[in-house]
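This report sets out the fold of one protein chain, element by element. The sequence and the structure are shown first.

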Amino acid sequence: MAGILDTIFRRVVGAPVPGTGAPAATPTDHEPLTTTTVAALRAMLDEHDRGVFRRSALLADLLRRDADAFGALQQRLTLLGSHPVAVDPADDSDAAKVSADELATAWPSICTPGAAYDMWTDEAMLGFGLAQVVWSAPAEGGPLTQRLEPVHAAAVEYERSSGRWFVETVDQGRVLVTPGDGQWVLFAPRSARAPWMWGAIRPCAEWWLSNSNVANDGRRRSETTGQGIWKAKLPGGAREGVDGKKFISALRNIGRSAVVPVPQGADASTSYDVELIEAKADAYKIFEWLKRTGGGAIRLALLGQDLTSQNNLVGTNASSETGADTLRAVVAAQARGWGECVTAQVSGPRARYLGTPAPRVRVHIEGEDRRKADAEAQTAAAAAVTAWRALGIEVDAERAADAAGVTRRMTAP
């Protein structure tokens with residue numbers, strides 16, 4: 001019966017946390033936010049700045065309805081998620097290597113791709129991501145296993161007076177969060193003092209609402225002025241006549257390739273005619289400017305640049321590549337922060353529980369970037385050796401290769 005109720009009410013079930021004995025907590029859940037106003041949005045952002053994230057977290061979910069916000073998150077998170085996770089031993093000992101191999105095998109079940117994306121998304125939008133490590137006893141026995149459960153930030157609050165994080169739960173009330181204690185994982189790489197101030201929601205939210213309103217205004221303008229108005233000219237007194245009614249009916253049913261008969265009299269007063277009245281003002285351009293500016297602001301906040309999206313306006317591939325380099329730097333920084341976070345707050349408590357060396361977890365983007373830099377340095381070193389020899393200077397090529405980190409084949413003594 002308890003298991004059925006746990007499933008119905010989405011309770012988090014787990015073993016007591018090793019080291020603290022704390023029970024698994026079930027954070028509160030909230031209905032999604034589907035609409036807002038300018039005044040309400042600004043109140044949400046004010047609460048966010050004060051460390052209350054209930055409504056701003058729901059607003060961050062709503063922002064992903066916007067194509068610019070959704071697309072920018074797609075670029076950033078897909079690039080981050082495309083790199084594999086690597087687990088490195090703490091040292092060169094056999095015990096450290098075994099511990100690293102075991103964690104690498106268990107990692108996909110400890111932190112699923114979905115859990116990682118939830119944390120990354122919250123960090124990008126809100127400036128932080130919070131998760132709970134749920135410990136479970138395997139049915140076959142043996143050591144407890146871990147599972148990372150992201151916590152929706154609507155249940156999170158930061159108490160500025162005490163400098164502590166709290167989670168509202170349905171079963172334990174307001175629970176103190178201690179990152180790295182074996183139960184709670186806080187991903188906040190960009191600030192130790194106030195990471196929520198780095199959330200993209202702060203500069204994006206008002207532009208998102210502007211974009212939404214502009215799109216609606218543009219549609220209404222299109223309905224009222226986009227199709228133009230047909231001006232029907234009839235001879236005096238012909239409106240109620242048979243020919244006049246047929247003429248008006250033909251105009252009302254006008255469509256593609258339509259033919260409307262316009263009988264002509266001796267002068268304009270006795271003739272039929274039609275004239276299309278179209279909007280002459282270029283006020284529609286304000287909608288284009290607002291949408292373009294709002295989309296650029298959102299992409300700038302989430303990607304660190306907007307050059308890749310504006311290349312058709314800038315007109316150079318160099319600017320697009322500069323934007324791509326900036327995005328890669330943003331992603332690399334987030335990847336490094338993620339590796340340090342889970343190493344200290346997931347791998348560390350697990351190693352303490354098992355009594356093994358704590359492996360280092362990292363996103364492999366760091367190693368790939370290093371290899372490219374090493375290859376360029378080795379090429380430059382080889383060119384320098386060739387240039388010095390061309391000037392008649394004896395250079396020890398083997399020592400230069402060693403200094404550049406070139407892997408050489410060992411020769412028999």
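The paragraphs below go from the whole chain to its sheets, its helix pairs and a single tryptophan.

## Basis and overall composition

This is a predicted model, in which local features need pLDDT of at least 70 and side-chain atom pairs count only at pLDDT 80 or more, whereas totals for chains, interfaces and linings use all residues. Residues are numbered from 1 along each chain as its sequence is written, and side-chain values use heavy atoms, with hydrogens and water left out.

The protein has 13 helices and 10 strands, where helices (H or I, at least four residues) and strands (E, at least two) are DSSP runs numbered from the N terminus. Of its 413 residues, 36% count as buried; buried means under 20% relative accessible area, exposed means over 50%, and partly exposed lies in between, with a 1.4 Å probe and protein chains only. Among contacts between residues at least 6 apart in sequence, 67% join residues at least 24 apart, a contact being heavy atoms within 4.5 Å.

## The sheet β3-β2-β7

An open sheet of three strands runs in the order β3-β2-β7 with antiparallel pairing, two strands being paired if DSSP finds at least two bridges between them. Strands β3 (145-151) and β7 stand at the edges with a single partner strand each, so one side of each is left without a neighbour in the sheet. Neighbouring strands here are turned by 30° against each other on average, direction ignored.

Strand β2 (residues 129-136) is joined to β7 by four bridges, and the two run antiparallel. Along this pairing, Gly129 stands opposite Phe187 and Leu130 stands opposite Leu186. Helix α6 packs on the sheet and touches β2, β3 and β7, its direction making about 155° with that of β2; such angles run from 0 to 180 degrees between N-to-C directions, and axes are lines fitted to C-alpha atoms, for helices over the stretch in contact. Within β7 (residues 184-187), Trp184 and Leu186 point one way while Val185 and Phe187 point the other way, and all are buried.

## The sheet β4-β5-β6

A further open sheet of three strands has the order β4-β5-β6, also with antiparallel pairing. Its edges are formed by β4 (156-159) and β6 (174-177), each with a single partner strand, so one side of each is left without a neighbour in the sheet.

Four bridges pair β5 (residues 164-168) with β6 in the antiparallel sense, and Glu168 stands opposite Arg174 in β6.

## Helices α2 and α3

Two packed helices are described by the angle between their axes and the distance between the axes. Helix α2 (residues 38-49) and helix α3 (residues 54-63) pack at about 120° with their axes 7 Å apart, which makes α2 oblique to α3; angles under 35 degrees count as roughly parallel, over 145 as roughly antiparallel, 65 to 115 as roughly perpendicular and the rest as oblique. The crossing of α2 and α3 is left-handed, a term used if the near helix is turned anticlockwise from the far one by less than a right angle, with right-handed used if clockwise.

From α2, the residues Ala40, Leu41, Ala43, Met44, Leu45, Glu47 and His48 meet Arg55, Ser56 and Leu59 in α3. The residues of this contact divide into six nonpolar, two polar and two charged, where Ala, Val, Leu, Ile, Met, Phe, Trp, Tyr, Cys and Pro count as nonpolar, Asp, Glu, Lys and Arg as charged, and the others, Gly among them, as polar. Helix α3 is mostly covered, with seven of its 10 residues buried; these are Ser56, Ala57, Leu58, Leu59, Ala60, Leu62 and Leu63.

## Helices α4 and α6

Helix α4 (residues 67-81) and helix α6 (residues 113-126) pack at about 135°, with their axes 11 Å apart, and are therefore oblique to each other. Their crossing is right-handed. In this contact, Leu73, Arg76, Leu77, Thr78, Leu80 and Gly81 in α4 meet Tyr117, Trp120, Thr121, Glu123, Ala124 and Met125 in α6, and by class there are seven nonpolar, three polar and two charged residues.

## Trp207 in helix α7

Trp207 lies in helix α7 (residues 201-225) and is partly exposed, with a relative accessible area of 26%. Not counting residues up to four places away in sequence, Trp207 touches Leu290, Thr293, Gly294, Ala297 and Ile298. Trp207 and Ala297 are 90 residues apart in sequence, yet 7.4 Å apart in space from C-alpha to C-alpha.
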